[in-house]
Amino acid sequence: MAEFINFYFIPGLILGSIYALGAIGITMTFVILRFANFAHGESMTLGVYFAWTLVQLTGLHPLVVMPIAMVLTVLYALSIDRIFYKPLRNAPVVMLVVASFGLMLMTRSVVQFFWGVQLKSVLPGIQKPIMVLDYLRISPKHMMIIISALVLMFAVHYLLTYTKIGKAMRAMSDSPELARLTGIDTEKVVLATWVVGAALACAAGVFLAIDTHVETRMGFKLLLPMFAAAILGGVGRPYGALVGGLIIGLAEEISSYPFIGTEPLLNPGYKAGVAFAIMIGILIWRPSGLFKGKVF
Amino acid sequence: MKILKKLAITASAIAMMSVGAQAAGEIKVGSAGGVTGPIAELVAAIVKGRQVAVDHVNSSGGLLGGDTMKLVIADSACDPKAAVDAGNKLVNVEQVVAIIGPSCSGATNGMVSSVTIPAGVTVLSDSATAPSISELKDNDTVFRASASDAYQGKAIADLVWKAGIKKVAVTYSNDDYNAGIANVFTTEYKALGGEITGNQAHEPNKASYRSELSTLNQGGPEALALFAYYGSSGITIIKNSLENGLFGKFYAADGMFDNSVIGQIGADNLKGNLWITQAASDTEDASYKAFAEAYKAAGGDPEAPYAAHGYDVAFLMALAIEKAGSADRSKISAALRAVAGPEGEVVRPGEWEKAKKLIAEGKDVNYEGAAGINDFDKNGDVTGLFSVNIVGDDGTWSRSMLK
């Protein structure tokens, strides 16, 4: 049991938190701007590189400089929206998707150009875990990741439930037409969507960087599980994205637990397929996802 | 429709003309490599090796009647899909004579089977080592200057066995290179009498390998044989193992050899825990010394993995073009065999003028490369030497030759 929790459940939880935070941005842009944002992973990568640079400059812990990196990532997202997406606001959806695809490649190339393709680390060395209750092993950095992720999730919850702009965002995601008719400033909601999405993407990226390392394709690699999480939770449902992310993360890790005998249930070499399989299954049998999202 | 056809003909005519025009002053050779991707640092040194060789050729007479040899770089990203794109670009757009590279085995397999074998373009890789490359039906167009992992896998098995370790767990990244070498290792280690307690593929690029490692740790293995690229899973696996007290000892192959392994994990954590084998050059050899001097002069570290191989492939390709007498794709394969030896007068790195003269006189040349003797067998493979790297007292890699 201890083994299950230490090596399958906790890693799954951490991975799930990272997916969840990333998926919120995807699900919100999907429903409010009506397109699948392929460049979301690259916002994440860029955010991590901002954080890495700040760590190098200040020598502080990555979580301390993370808010500044988040602000920088938000500024990036807003300027991208202004330059690339705004002129396409009323264009066919496929153009937006292609534009985001192009931005994905451009952003990655810019990152590779300025920072190089070498592996980097925001927190070099290894950290021995702390033993809790004699059998739980929790690494300090994992504690920090889980706590910070919880804080951010509550912040999102607060924003969506108690603030005017958050309510407007939810209204937009429920029914864009109705929202417009009731006089909600859609342009403001769009900007808020970018702000929330980019800030959370940056945070998720930094968590991943703390857990592993910094690399120019790190955001892109998360794109598929994040989309899977968004679809599982129901497109346009931020809470769905949170739950979906956690489920996907846990499912990926737990799928290789030796439930029967000593062999892993699923060969870990095919872990990445789990997110994909869940996504396909949901699309076929329950396209609206767990939280009754939009179906396109 | 007719207009389209006309346009197509005109376009191809223009394309052909422009190729013809360039051939007078410049001969293009494709240089595919994983410039980005999980072994980007290694590839930078390899690409530099290739360029040093090309500079030697161009500064002492150039190719054929004074043509410049030009390397056209294409990023194969250590990925089969990217390598196919890179190969298409080189073969169909850039119209190169032949290709050196790509770096990774999976990328090489992908590129040669979809692009270069059908097109009849000769490929000479400097660092693709998977045993599966020997078995390709390639009409003798795929060569490599590095030894197949059939040799390296055995070298690691010997190393582990001689260290007195009787039980190991094996994990490999799910790609051609790592699966190939893991397979050889497993067979050889069992043949020596060792026990494999667990053998598992893992998916590269995951954030955590704790669950895999926990499963692998069953059955009392004394060490982990880790076949992975450092940048896509290797470093994470070592970190996860050490942090969770799962495995303490690691044996790995050259895909793990990079300074970032020490930088990311910390030298103190790795001292006495990590052994990495690597294709090595005999540093006392005259060919190696000639290369090392030139490479150092160009600002590189000649001991960088496969840098010498990078030099060799570019130099060999230049010799092959010279021997073929023209930038004709179909003649390169035979010419490459002719200049690599074993018959003929020995030519060493940097000796371009001498080689050019010998070829002009119609004599056989035998290139003895910086990385080894480079005589191709029937599969287009070479044998090689290996070294083992450990983290030394000063916190950097310390190397010794195997055998």
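**View 1. Buried residues of helix α4 in chain A.** Leu96(A), Ala99(A), Ser100(A), Leu103(A), Met104(A), Thr107(A), Arg108(A) and Val111(A) are the buried residues in α4(A). The model shown here is predicted. The cover over these buried residues includes three helices of chain A: α2 (40–58), α3 (62–85) and α9 (218–233).

**View 2. Helix α4 of chain A from end to end.** This helix covers residues 93–115 of chain A, 23 residues in total. At 1.5 Å a residue, α4 should span 33 Å. Gly116(A) follows α4(A). The phi of Gly116(A) is positive, near 80°.

**View 3. Leu150 of chain A, on helix α5.** Leu150(A) sits in α5, which runs over residues 140–162 of chain A. Is Leu150(A) buried or exposed? Leu150(A) has 11 other C-beta atoms within 10 Å. The limit for an exposed residue is 12 or fewer, so Leu150(A) is exposed. Val111(A), by contrast, is among the buried residues of α4(A). Between Leu150(A) and Val111(A) there are 29 Å in space, C-alpha to C-alpha, and the two are 39 residues apart in sequence.

**View 4. The two domains of chain B.** The domain assignment gives chain B a domain 1 (2–148 + 284–367) and a domain 2 (150–281 + 385–401). Their C-alpha centres lie 31 Å apart. The contact takes 20 residues from domain 1 of chain B and 19 residues from domain 2 of chain B. On the domain 1 side, α2 (40–59) and α4 (105–119) of chain B each supply at least two residues. α4(B) gives the most to this side, with three residues. By class, the domain 1 side has eleven nonpolar, seven polar and two charged residues.

**View 5. Chain B against chain A.** Here 31 residues of chain B are in contact with 38 residues of chain A. Which elements of chain B give two or more residues to the side that touches chain A? They are α2, β7 (195–202), α7 (210–216), α8 (230–243) and α9 (259–265) of chain B. α8(B) gives the most to this side, with six residues. By class, the side of chain B that touches chain A has 18 polar, seven charged and six nonpolar residues.

Note on methods. Residues numbered from 1 in each chain as written. Chains lettered and ligands numbered in written order. Predicted model: local features only at pLDDT ≥ 70, side-chain atom pairs only at ≥ 80, totals over all residues. Helix = DSSP H or I, 4+ residues; strand = E, 2+ residues; numbered from the N terminus. Expected span 1.5 Å × (residues − 1). Buried ≥ 20, exposed ≤ 12 C-beta atoms within 10 Å, placed from the backbone. Contact = placed C-beta atoms within 7 Å. Domains from an automatic or database assignment. Nonpolar A, V, L, I, M, F, W, Y, C, P; charged D, E, K, R; others polar.
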